[in-house]
Each structure stands twice: as C-alpha cells, then as structure tokens.
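Here is a friendly note to read alongside the model. Take the points one by one, with the picture open beside you.

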Amino acid sequence: MQLPLLLLLRQNRPCRPCSILAVCQRGRKALAITADLGFADQADRAVEETIKKFGRIDILMNNCAEQHVVEDFADISPEQIERTFRSNIFSYLFVTRAAL
C-alpha cells in the first residue's frame, strides 16, 4: 500500500513543485504545506490540513532541524538560540501533540 506523503516546507524557503511532482509521478498522493512548525498554531494548522486531505495520520516522522556554526559560543544571539530551539525541539513537540 502506498501511503500519501506530506511535505512540510519552512516559511522562509520557496516551495519546490518538482518535489510534489516527483511524488505524484510515482502514483502517490502528496500535499505541501508551508509552515513554521516551531509555533503551535502553525503545527496545529499543518496537522489539521493533513487530516482534512488524507483522513488521518498513520506515521509521523519529525525530521526538522537546523544548526549554525560559530567560532565562539558568545557569538550566538538570543534570537538564534530561540530559532534553533523552535526548529529542533518545539516543532517536534507541537506536531506530535497536534497529531495525537
């Protein structure tokens, strides 16, 4: 059985129609949602749209992360720390909670 595929795209990155096309050409259903999953309301919306389109979520794979290399730890700004935690930790929690 071919499961539908959901592509979640970061708000600050352009959608790649070729990704959706590649999935569809293999006979699978696909949905692309642009969201910043580090915010609960956007994670909720992404899950709601997915369930509306496919009826349910059978498998949830959280695979969203970012890192920024700096020479000196003191160079990391509070904004960058928050952005990294939103992407690497909060998104996993918010999407999982919304999907339960």
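1. Helices (H or I, at least four residues) and strands (E, at least two) are DSSP runs, numbered from the N terminus. The chain has 3 helices and 2 strands, and from the N terminus their order is β-α-β-α-α.

2. A word on the source: this is a predicted model, where local features need pLDDT of at least 70 and side-chain atom pairs count only at pLDDT 80 or more, while totals for chains, interfaces and linings use all residues. Residues are numbered from 1 along each chain as its sequence is written, and side-chain values use heavy atoms, with hydrogens and water left out.

3. Why are Phe90 and Phe94 separated by about one helical turn? Because they are 4 residues apart in helix α3, which covers residues 78-99. Phe90 is partly exposed, at 28% relative accessible area (buried is under 20%, exposed over 50%, partly exposed in between; 1.4 Å probe, protein chains only).

4. For the chain as a whole, 24% of the 100 residues count as buried. Of the contacts (heavy atoms within 4.5 Å) with a separation of 6 or more, 61% come from residues 24 or more positions apart.
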